[in-house]
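Subject: Handover of a structure

Hello,

I am passing a structure on to you, and it is placed just below.

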Amino acid sequence: MNEITMKLNADELIRMALQEDITSEDVSTNAVMPDYRLGTVDLICKQDGIIAGLAVYARVFTILDPKTVVDLKCKDGDLVKNGQLLATVQGDIRVLLSGERVALNYLQRMSGIATYTHEVASLLEGSRTTLLDTRKTTPNCRIFEKYAVRVGGGCNHRYNLSDGVLLKDNHIGAAGSIENAVKMAKAYAPFVRKIEVEVETLEQVKEAVEAGADIIMLDNMSYEQMKEAIQLINGRAQTECSGNVTKENIARLTELGVDFISSGALTHSAPILDISMKNLHAI
């Protein structure tokens, strides 16, 4: 996430998170630290994993006070270890205390996603298959979570509904058939947009190929069905496998030779990485 992206998108979301946590004042902090005092605190890793979201973590504190100094000891994408010092933060002690939870929430969540994604992506090494995320993200946190997927070695599917055409079962139901849905999408969407169709049966695979779909998503099919579907498609469209994909079952799916595997678990089921702020003291 670069500085431009941060200013255009992330700052407003971070401010909203801070406003959620501090509606009027931080009563606990104001009780023990009523006035300005310079202090420092350490950011400590408590679990091995892939770190992601350091710029977001730092931005929480500089939004509260631009004079806050965050000295990062690592960078996004680094493998970090239990007990490792990740950063020190120096500034108004009131800012360090009030921003702690929001900053850690972002960093722990993003690092957890990056770590889980890294574990899954490593299972695809040496194959032709690309790992994708989905739109199954936490509301108002998509920019952070999809960034974390990239840090972990995955790739992004469409960012939102404006980003591409994906005709799912209910779109097909609304249009009456796959053929009608694809025809209508080609007439409406800009020509630069690829058209992806979600299918659940071999009959739908045939219909999607004949309709001219660019990408065919094999959704919740058995291994045997997907194998036959890929043979039916025979290179006439790109293929994507989706539906309950986790690190426990993804290895077998790569044997099929699909172009893409998408997994909602990357964002909706990744556990956080345990990170904490310790040793706060005045200087």
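The notes below go from the chain as a whole to its sheets, its core and its salt bridges.

**The chain as a whole**

Please keep in mind that this is a predicted model. The chain has 11 helices and 12 strands. Its C-alpha trace spans about 70 × 35 × 25 Å along the principal axes. Of the 283 residues in the chain, 49% are buried. The chain exposes about 14400 Å², and carbon and sulfur atoms supply 49% of that area. Among contacts with a separation of 6 or more, 69% are between residues 24 or more positions apart.

**The antiparallel sheet**

An open sheet is formed by 4 strands in the order β3-β5-β1-β12, with antiparallel pairing. Strands β3 (69–72) and β12 (275–282) stand at the edges with a single partner strand each, so one side of each has no neighbour in the sheet. On average, neighbouring strands of this sheet are turned by 20 degrees against each other, direction ignored.

Inside the sheet, β1 (residues 38–45) and β5 (residues 85–92) are joined by 7 bridges and run antiparallel.

Helix α3 (residues 54–64) lies across β1, β3, β5 and β12, and runs at about 160 degrees to β3. Helix α4 lies across β1, β5 and β12, at about 165 degrees to β12.

Strand β8 (residues 195–199) is mostly covered, with 5 of its 5 residues buried. Both of its faces are covered: Ile 195, Val 197 and Val 199 are buried on one side, and Glu 196 and Glu 198 on the other.

β8 pairs with strand β7 (residues 165–167) in the parallel sense over 3 bridges. It is also joined to strand β9 (residues 215–219) by 4 bridges, and these two strands run parallel. Val 197 takes part in both pairings: Leu 167 stands opposite Val 197, and the bridge partner of Val 197 in β9 is Ile 216.

In soluble globular proteins, nonpolar side chains tend to be buried together. The largest nonpolar core here has 81 residues, and those with the most contacts inside it are Leu 43, Val 197 and Leu 218. Helix α4 supplies the largest share of this core, 13 residues.

The surroundings of Leu 43 can be listed, leaving aside residues up to four places away in sequence. Leu 43 touches, among others, Leu 54, Tyr 57, Leu 85, Leu 86, Ala 87, Leu 104, Leu 107, Ile 275 and Met 277. Gln 84 and Ser 276 are also among the residues that Leu 43 touches.

**Salt bridges**

Side chains of opposite charge can pair when their charged atoms come close. The structure holds 8 salt bridges, and three of them are described here.

- Arg 109 forms a salt bridge with Glu 145, with the closest N and O atoms 3.4 Å apart. Arg 109 lies in helix α4 (residues 93–122) and Glu 145 in helix α5 (residues 142–151), so the pair ties together parts that are 36 residues apart in sequence. Glu 145 is buried, with a relative accessible area of 1%.
- Arg 128 forms a salt bridge with Asp 259, with the closest N and O atoms 2.2 Å apart. The pair links distant parts of the chain, 131 residues apart: Arg 128 is in the loop between α4 and β6 (130–132), and Asp 259 is in the loop between α10 (250–254) and β11 (260–262). Arg 128 is exposed, with a relative accessible area of 55%, whereas Asp 259 counts as buried at 15% relative accessibility.
- Lys 146 forms a salt bridge with Asp 133, with the closest N and O atoms 2.7 Å apart. Lys 146 lies in helix α5 and Asp 133 in the loop between β6 and α5, so the pair ties together parts that are 13 residues apart in sequence. Both Lys 146 and Asp 133 are buried.

**Thr 267**

One more residue belongs with the first of these pairs. Thr 267 is found in helix α11 (residues 265–268) and is buried, with a relative accessible area of 0%. Not counting residues up to four places away in sequence, Thr 267 touches Arg 109, Ile 113, Lys 136, Thr 137, Glu 145 and Val 149.

Regards

Methods: Residues are numbered from 1 along each chain as its sequence is written. This is a predicted model: local features need pLDDT of at least 70, side-chain atom pairs count only at pLDDT 80 or more; totals for chains, interfaces and linings use all residues. Side-chain values use heavy atoms; hydrogens and water are left out. A salt bridge is a side-chain nitrogen of Lys or Arg within 4 Å of a carboxyl oxygen of Asp or Glu. Buried means under 20% relative accessible area, exposed over 50%, partly exposed in between (1.4 Å probe, protein chains only). Contact means heavy atoms within 4.5 Å. Two strands pair if DSSP finds at least two bridges between them. Axes are lines fitted to C-alpha atoms, for helices over the stretch in contact, and angles run from 0 to 180 degrees between N-to-C directions. A nonpolar core is a set of buried Ala, Val, Leu, Ile, Met, Phe, Trp, Tyr and Cys residues joined through side-chain atoms within 4.5 Å. Accessible areas come from the Shrake-Rupley method with a 1.4 Å probe; for residues, only the protein chains shown count as cover.
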